[in-house]
Amino acid sequence: MLPLVALFLLLITMAAGAPDLRPGFYAETCPDAELIVRDVMEKAKAREARSAASVMRFQFHDCFVNGCDASLLLDDTPNMLGEKLSLSNINSLRSFQVVDEVKEALENACPGTVSCADIIIMTSRDAVALSGGPFWEVKLGRKDSLAASQKDSDDIMPSPRANASYLIDLFDKFNLSVKDLVALSGSHSIGQGRCFSIMYRLYNQSGTGMADPSIEPNYRESLYKLCPPPVDQNVTGDLDATPQLFDNQYFKDLVAGRGFLNSDETLFTFPQTRKYVRLFSQDQNEFFKAFAEGMIRLGDLQSGNPGEIRYNCRVVNSRPLDILFES
Ligand code: HEM
Ligand SMILES: *[C@@H]1O[C@H](CO)[C@@H](O)[C@H](O)[C@H]1NC(C)=O
Ligand SMILES: *[C@@H]1O[C@H](CO)[C@@H](O)[C@H](O)[C@H]1NC(C)=O
Ligand SMILES: *[C@@H]1O[C@H](CO)[C@@H](O)[C@H](O)[C@H]1NC(C)=O
Ligand SMILES: *[C@@H]1O[C@H](CO)[C@@H](O)[C@H](O)[C@H]1NC(C)=O
C-alpha cells in the first residue's frame, strides 16, 4: 500500500475544473430519471436482497479512486487494466448487472443523457432507502471517465485489516472527518463479507498466531465455524446481525465486540472513533443524519479530468480517431 504522502500528491490534482453538481440536473433532459432508477433498484432488490448492499458499495469504491466518475465500471481492455480486478474489488464487488439494467432503462427513456457516475450515486441512495435507511437529495451532473486505473485502486482502497488511525488519516485526505468515517462505515449495516477478509484476524492477528482479542468469544466461535481451516476464502458471512436492514444494529454489534471486519471493530477499540460508535449505537437518527451527510460529501469528490456520458457503462464511447487507428 502506498504511503499516505504519495497518496496526497495523487489527490491534490482533484477538484479543479470539475462541473458543478446540483439537484434536479436532469429535470428538463430526463425528468423521470430518478423514478426509473428507483424502479430498477427496487426490482433488483426483490430478486436478490443482497444486491442493495452490493450496489451501494459502488459509491465508495468509485468515488475514492479519482472521484465519482464511474471508472469502477469499466471492463479491462487489452490496453487498460481497470479497477474491477484490483485487490479490494476482485472476487468481491458484485451486482454490476444492476447498473447495466438501470443504464439500459435510462437509454431507452433519454438516450445519451444520464451518466453512469450519476447512476452509481442514485442507486446507492435508493439501496439505502429501500433497506429502511435514510433518504437524501442527490446532486447530479457528473461525467464518466475516459479511463480507469487498477493501480490507483490498489494504492487507495483500504484493507479490511486497517486500524482506525490509518482510516482516519485516509478519510482526512478526502476531507472526510472522523465522524464521516464512522458514519460511512455504518454502510456495513447491510451486506456480507468473505472469510478472506477476516482470516488474519481469526487465525493470525498482528502475526500473533491467535485471534483478535477484541472479538467477543461467542461471536469468535461462530466466525471459526463460518471459516474453519483450511479457509474457503469465498464463503461469506453477515456484516451485522440484521444484514438486510439498514439500521444502527452495526454499531450495537461493535459495542458488543461483534464487528465482522477488523476495520469495523477497530472503530470501537480506538478512542478517537469510539465516541461516535457509542453515539450511533444509542441514537439511530444521529446515525442516519451523519450517514446522509457523509454520502453527499463522498459524492462530491471529483477528479476534474475530462469526461463523457457513456452509452454503455462498461466501455468508453468509441471515438472517430480510435476507428481510424484500428482500420
Ligand atoms: C472504512 C473503510 C472500509 C473498509 C476497510 C471496507 C471494507 C470492506 C470489506 C473488506 C467488505 C467485504 C468484502 C468481501 O469480503 O468480499 C466490505 C463490504 C461492504 N462495504 Fe465496505 N469498507 C469500508 C467502507 C465502506 C463504505 C464507506 C461503504 C459505503 C458507503 C461501504 C460499503 C460496503 C457494503 C455495502 C458492503 C457489503 C457488500 C455486499 O454485500 O456485496 N464500505 N467492505
Ligand atoms: C495502525 O496501522 C498502521 C498502518 O498499518 C501502523 O503503522 C500503525 O502502527 C497502527 N497503529 C496502531 C496504534 O496500532
Ligand atoms: C479538500 O479541501 C481543500 C480545501 O477546501 C481543497 O483544496 C482540496 O482540494 C479538497 N480535497 C479533496 C480531495 O476534495
Ligand atoms: C503469522 O504471521 C506472522 C507474521 O506475519 C508470520 O511470520 C507467521 O508465519 C504467521 N503464522 C501463520 C500460522 O500463518
Ligand atoms: C472464488 O470465487 C471466484 C469466482 O467468483 C473464483 O474465480 C476463485 O478462484 C475463488 N477463489 C477461491 C480461493 O476459491
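The paragraphs below describe the domains, the ligand shell and the nonpolar cores of this predicted model. Residues are numbered from 1 along each chain as its sequence is written, and chains are lettered from A and ligands numbered from 1 in the order in which they are written. Because the model is predicted, local features need pLDDT of at least 70 and side-chain atom pairs count only at pLDDT 80 or more, while totals for chains, interfaces and linings use all residues.

The chain is assigned two domains, namely domain 1 (4–157 + 299–316) and domain 2 (164–296); such bounds come from an automatic or database domain assignment. Taken over C-alpha atoms, the centres of domain 1 and domain 2 are separated by 24 Å. Across the boundary, 24 residues of domain 1 are in contact with 18 residues of domain 2, where contact requires C-beta atoms, placed from the backbone, to lie within 7 Å. On the side of domain 1 that touches domain 2, helix 1 (4–12) and helix 3 each supply at least two residues. Helix 3 gives the most to this side, with 6 residues. Helices (H or I, at least four residues) and strands (E, at least two) are DSSP runs, numbered from the N terminus. By residue class, this side of domain 1 comprises 13 nonpolar, 8 polar and 3 charged residues. Here Ala, Val, Leu, Ile, Met, Phe, Trp, Tyr, Cys and Pro count as nonpolar, Asp, Glu, Lys and Arg as charged, and the others, Gly among them, as polar.

Ligand 1 has 27 residues around it, of which Ser54, Ser92, Ser187, Gly191 and Gly193 come nearest; a residue is near a molecule if its C-beta atom, placed from the backbone, lies within 6 Å of it. Both domain 1 and domain 2 contribute at least three residues to this shell. Helix 3 (51–63), helix 8 (178–185) and strand 1 (192–194) each supply at least two, and helix 3 gives the most, with 6 residues. The shell divides into 12 nonpolar, 11 polar and 4 charged residues.

The largest nonpolar core has 65 residues, and Val37, Val99, Cys116, Ile119, Ile120 and Val277 touch the most other members. Such a core is a set of buried Ala, Val, Leu, Ile, Met, Phe, Trp, Tyr and Cys residues joined through C-beta atoms within 7 Å, buried meaning that 20 or more other C-beta atoms lie within 10 Å of a residue's own, with C-beta atoms placed from the backbone. Helix 5 (residues 116–130) provides the largest share of this core, 9 residues. The core lies between domain 1 and domain 2 because both give residues to it. Not counting residues up to four places away in sequence, Ile120 touches Phe58, Gln59, Asp62, Cys68, Ala70 and Val99. A second, separate core of 6 residues includes Ile198, Leu223, Cys227 and Leu239.

How values were computed
Two residues are in contact if their C-beta atoms, placed from the backbone, lie within 7 Å. A residue is buried if 20 or more other C-beta atoms lie within 10 Å of its own, exposed if 12 or fewer, and partly exposed in between; C-beta atoms are placed from the backbone.
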